Amino acid sequence: MEPSQMGEPVSLNVGGCVYSTSLSTLQRYPDSMLGAMFGGDLPTVRDSHGNYFIDRDGPLFRYILNFLRTSELTLPCDFKETELLRKEADFYQIEPLIQCLGDPKPLLPYPTDTYEEVVELSSTRKLSKYSNPVAVIITQLTITTKVQAVLESISSSFTKWNKHMMDTREYQVSFTFGPCDHQQEVSLRVHLLDFISKAGFTIRNTRVHHMSERANENTVEHHWTFCRRTHKLND
C-alpha cells in the first residue's frame, strides 16, 4: 500500500538499517533523488517486509534523514566519515546538504602510468519568478566528456528520451525539456547520475549557481564533475 497522506509513516530499509519517517520529510527537497522517488517519478523497490529498499550506507543515512527533518547538519564532535557522507549526499542529490559539507579535499597525484577521465553533467533550469508553485519554463541536461564510449552508451541507452530534443555533438549529449517537464528532468538526471557512477566514475565536486537574467525569470545551474582513473596504454 503506497503512502497517501503526508503524515503517514514510511519505513525504509537502507543497507539493512530500518528507518521510519513521514512522506513530507522525504519530499522536503523535490529536486533530490528521494523527492523524485517518493513523488512517483522513479521506481521503488520493497524488501520482504514491505519496507522501501535503498542499497546505500545504512548507518550514515541517519544524518541524511536528520538533515531532511531539520534542514540543519549536526554531526558528533569525533565524526570521521565526512567524505563518505559527502558521497551519500551526492547520491541523494540534496543540494543544501552538499553545500553544508563543502568541497572535497584535494586528491593526491595519480601514479605516472595512469590518467584521469572526466565526465561533466550540467543542469540549467529557467524558472518563472511569479508563479506559485514555481513553474519551470525550460530545463536542459548536458553531458560533456572526451570518453566517446560514455557518450555512445548514453545515446543508445536513453533513446526513450529522444522526444525531449536529444542533441548529440562532439564531446556532448544534451536533453531539453519544457515547459512544465521539471519532474521528467529530475527523473532523467537521477538515472544519468546512476549510469555514470556504474561506469566507474566517482563525483569529484558539485556546484550550484543562481542568477537572474530577466525581470520575470530566474536561472539555476547545477554542475557535477565525475572522474575515473584509467591506465595508460603502452605505445
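Thr142 sits in strand β5, which covers residues 136-145; helices (H or I, at least four residues) and strands (E, at least two) are DSSP runs here, numbered from the N terminus. At 10% relative accessibility, Thr142 counts as buried, a word that stands for under 20% relative accessible area, with exposed being over 50% and partly exposed in between (1.4 Å probe, protein chains only). Setting aside neighbours within four places in sequence, Thr142 is in contact with Glu120, Leu121, Ser122, Gln172, Val173 and Ser174, where contact means heavy atoms within 4.5 Å.

A word on the ground rules. This is a predicted model, in which local features need pLDDT of at least 70 and side-chain atom pairs count only at pLDDT 80 or more, while totals for chains, interfaces and linings use all residues. Residues are numbered from 1 along each chain as its sequence is written, and side-chain values use heavy atoms, with hydrogens and water left out.

Now for the chain as a whole. Seven helices and nine strands make up its list of elements. Of its 235 residues, 40% count as buried. Take the contacts between residues at least 6 apart in sequence: 62% of them join residues at least 24 apart. The accessible surface comes to about 13,300 Å², and 52% of that belongs to carbon and sulfur atoms; such areas come from the Shrake-Rupley method with a 1.4 Å probe, and for residues only the protein chains shown count as cover.

Next comes the inside. In soluble globular proteins, nonpolar side chains tend to be buried together. A nonpolar core is a set of buried Ala, Val, Leu, Ile, Met, Phe, Trp, Tyr and Cys residues joined through side-chain atoms within 4.5 Å. The largest such core has 32 residues, and Leu12, Leu34, Phe38, Phe61, Tyr92 and Ile94 touch the most other members. At least two residues of this core come from each of β1 (9-14), α1 (23-26), α2, β3, α3 (61-70), α4, α5 (95-101) and α7. Helix α3 gives the most, with six residues. There is also a second, separate core of 18 residues, which includes Phe158, Val173, Leu188 and Leu192.

Phe38 lies in the loop between α2 and β3 and is buried, at 9% relative accessibility. Beyond its neighbours within four places in sequence, Phe38 is in contact with Val10, Leu12, Leu23, Leu26, Gln27 and Tyr52.

Helix α3 has its own set of buried residues: Phe61, Tyr63, Ile64, Leu65, Phe67 and Leu68. What covers them includes β1, β2 (17-22), α1, α2, α4 and α5. Just after α3, Ser71 takes a positive phi of about 60°. Ser71 belongs to the loop between α3 and α4 and is partly exposed, with a relative accessible area of 36%. Gln93 also has a positive phi, about 55°, although it is not a glycine. The loop between α4 and α5 holds Gln93, and this residue is buried, with a relative accessible area of 2%.

Arg86 is buried, at 8% relative accessible area. Its C-alpha atom is separated by 9.5 Å from that of Gln99, 13 residues apart along the chain.

Finally, there is the largest pocket, with a volume of about 720 Å³. On a 1 Å grid over the protein atoms alone, a cavity is a set of points where a 1.4 Å probe fits but cannot get out, and a pocket is an open set with protein on both sides within 12 Å along at least five of seven lines; lining residues have an atom within 4 Å of a point. Grid points are joined across faces, edges and corners, and a volume is the space filled by probe spheres set on the points. The lining has 24 residues, with Met33, Arg56, Phe91, Val190 and Asp194 lying nearest the centre. Two or more lining residues come from each of α2 (33-37), β3 (52-54), α4 (82-92), α7 (182-198) and β8 (202-214). Helix α7 gives the most, with six residues. By class, the lining has 13 nonpolar, five polar and six charged residues; Ala, Val, Leu, Ile, Met, Phe, Trp, Tyr, Cys and Pro count as nonpolar, Asp, Glu, Lys and Arg as charged, and the others, Gly among them, as polar.
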